[in-house]
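Please consult the sequence and the structure shown here while reading.

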Amino acid sequence: MKQADIIKQLSDKELKKQLLFSQSIFLLLAIGLSLFFFNSFFRWFALFQWELDQILMYGVFPALGLVVIELIIYSILPPHLFDDGGINERIFKDQSITWIICICFIVAVSEEALFRGVIQTSFGFIFASSIFALIHVRYLKKPILFIFILVTSFGIGYLYYQTGNILVTMTFHFIVDALLGLVIRFKK
């Protein structure tokens, strides 16, 4: 059975629970693996740097640029090229703005803590970015979506490589997801 078929069988409430469950697993893995791969938890926690100028320059502005580029591409290419089996629609369509902001925050924190904070720090940029792209299984059979996630993944990995700051990548990830989620929410 395909992932899209499984998702269709879930109610919206069950889909939300599964999304929160998967993100909880990512966060717990990040915390657990950080204890294993780092000499101390505090060394891992030091990757979270509150440097506002760095967060703006490498997190906010590139994220806004990527969203603009994606929206331009969405307006040029046919909509069926961006269909992920309706999962993003179900996660964001007809949801409150508060839900969209909260879920995008949870996803950005949990995924970046694991993929950049632990995996990239321990195994390198290419490995972490590749694994991050591959966990988005629903995009593998959609070339445009897979290219988007691959470019985004390597872009986020590069931002972390340049800054060593998890808050930069969390900010970038959050802004991209939240803005595109809001586009889905308000799409006519």
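Val-176 counts as buried, because its relative accessibility is 5% and buried means under 20% relative accessible area, whereas exposed means over 50% and partly exposed lies in between (1.4 Å probe, protein chains only). Val-176 is found in helix 9; helices are DSSP runs (H or I, at least four residues), numbered from the N terminus. Its C-alpha atom is 9.5 Å from that of Ala-108, although Val-176 and Ala-108 are 68 residues apart in sequence.

The model is predicted, so that local features need pLDDT of at least 70 and side-chain atom pairs count only at pLDDT 80 or more, while totals for chains, interfaces and linings use all residues. Residues are numbered from 1 along each chain as its sequence is written, and side-chain values use heavy atoms, with hydrogens and water left out.

With a relative accessible area of 0%, Ile-166 is buried. Between the C-alpha atoms of Ile-166 and Glu-112 the separation is 6.9 Å, and along the chain these residues are 54 residues apart.

Two packed helices are described by the angle between their axes and the distance between the axes. Here the axes are lines fitted to C-alpha atoms over the stretch in contact, and angles run from 0 to 180 degrees between N-to-C directions.

| Helix pair | Axis distance | Angle |
|---|---|---|
| Helix 4 and helix 9 | within 8 Å | roughly 30 degrees |
| Helix 6 and helix 9 | 8 Å | about 145 degrees |
| Helix 4 and helix 8 | within 11 Å | roughly 165 degrees |

Helix 4 is roughly antiparallel to helix 8 because of their crossing angle. Helix 4 and helix 9 are, by contrast, roughly parallel to each other. Angles under 35 degrees count as roughly parallel, over 145 as roughly antiparallel, 65 to 115 as roughly perpendicular and the rest as oblique.

The crossing of helix 4 and helix 8 is right-handed. In this convention a crossing is right-handed if the near helix is turned clockwise from the far one by less than a right angle, and left-handed if anticlockwise. The crossing of helix 4 with helix 9 is right-handed. Their contact comprises 18 nonpolar, three polar and one charged residues. The classes are nonpolar (Ala, Val, Leu, Ile, Met, Phe, Trp, Tyr, Cys and Pro), charged (Asp, Glu, Lys and Arg) and polar (the others, Gly among them). Helix 6 and helix 9 likewise form a right-handed crossing. In that contact there are 15 nonpolar, four polar and five charged residues.

**The two sides of helix 8**

Helix 8 (residues 143-163) has 21 residues and spans 30 Å from its first C-alpha to its last, close to the 30 Å expected, where the expected span is 1.5 Å times one less than the number of residues. Its buried residues include Leu-145, Phe-148, Ile-149, Thr-152, Ile-156 and Tyr-160.
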